[in-house]
Amino acid sequence: MQKFVITILVFFLSFHSSAQITTAGIKGTVLSTDKKQLPKATVLAILETTGEKYTTVSNVTGNFIINNMKSGGPYSIITSYAGYAADTVKEIYLSLGNFYIAEIELVNNTTLINEIKVSANSKKKISFGNNINAVQLSQLPTLNRSLQDFTRLTAQANGNSFAGANYRYNNLSVDGASLNDAFGFTEPASGAGGSLATGNPGGLAKTQPISLEAIQEVQVELSPFNVVLGNFTGGSVNAVTKSGTNKING
């Protein structure tokens, strides 16, 4: 029985390590104007396009973290604490797989509240790749309407090869689901030299696994040391799709 339980644990751990990141997050510290850390402050993040809300409270050191948020934006961050004036930070945009770092200062209600100063800056984790956001996807030129037109923005990319590795060692995932040609069904016929091979479904037909219009953001990573990424030794092309808004347009 003990061996059976250990086997199950190993299976789930290995399955988790190969998943790709499909979300972003916010973390930071809530302080008073005299730099005193404020525990149990309420932090509410609202995605303006859909009205989705994410909430948390700061811990005893004033730090807070919100995980599993949709990338993009704009977000508004509303922070409140008993005895202090609530504060709102707007026009926050989240990057896929990264945390937005915010240092929020609240002003005591018993003191001067003519001005509220909130400072925040975005800090990305150390990585060997980059993120292509919705603005870049809509504005940068593309000849083939393909993901490769944008993954080439990564300095180490050469077509479907990343950092000199064969394309067979890449991993393409859309919303966390792998979209690879693991069995080589899209390999060209003998003698074609591999010029059309992409390692993705539809490669020989020169089609794409998913339309660019459906993509919200693309994250490119090269054999990172981050253990939360897996299933590749070349490059990881991690895409998430758009979620829509509450406004009708066309």
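A salt bridge is counted here where a side-chain nitrogen of Lys or Arg lies within 4 Å of a carboxyl oxygen of Asp or Glu. The model is predicted, and a search of the whole structure finds four such salt bridges.

- Glu-103 and Lys-35 meet through their side chains in a salt bridge of 3.8 Å, N to O, which links strand β7 to the loop between β1 and β2 across 68 residues.
- Glu-105 also forms a salt bridge with Lys-35, with the closest N and O atoms 2.3 Å apart, and here the partners, again in strand β7 and the loop between β1 and β2, are 70 residues apart.
- Glu-105 is buried, at 12% relative accessible area, whereas Glu-103 is partly exposed at 35% and Lys-35 is partly exposed at 49%.

**The pair Arg-145 and Glu-213**

- Arg-145 forms a salt bridge with Glu-213, the closest N and O atoms being 2.3 Å apart, and the pair joins the loop between α2 and α3 to the loop between β13 and β14, 68 residues apart.
- Both partners count as partly exposed, Arg-145 with a relative accessible area of 39% and Glu-213 with 48%.

**The largest pocket**

- The largest pocket has a volume of about 720 Å³, and of the 32 residues that line it, the closest to its centre are Ser-71, Gly-72, Gly-73, Ala-134 and Gln-216.
- Strand β6 gives the largest share of this lining, four residues, while the lining by class holds nine nonpolar, 16 polar and seven charged residues.

How values were computed:
Residues are numbered from 1 along each chain as its sequence is written. This is a predicted model: local features need pLDDT of at least 70, side-chain atom pairs count only at pLDDT 80 or more; totals for chains, interfaces and linings use all residues. Side-chain values use heavy atoms; hydrogens and water are left out. On a 1 Å grid over the protein atoms alone, a cavity is a set of points where a 1.4 Å probe fits but cannot get out, and a pocket is an open set with protein on both sides within 12 Å along at least five of seven lines; lining residues have an atom within 4 Å of a point. Grid points are joined across faces, edges and corners, and a volume is the space filled by probe spheres set on the points. Helices (H or I, at least four residues) and strands (E, at least two) are DSSP runs, numbered from the N terminus. Ala, Val, Leu, Ile, Met, Phe, Trp, Tyr, Cys and Pro count as nonpolar, Asp, Glu, Lys and Arg as charged, and the others, Gly among them, as polar. Buried means under 20% relative accessible area, exposed over 50%, partly exposed in between (1.4 Å probe, protein chains only).
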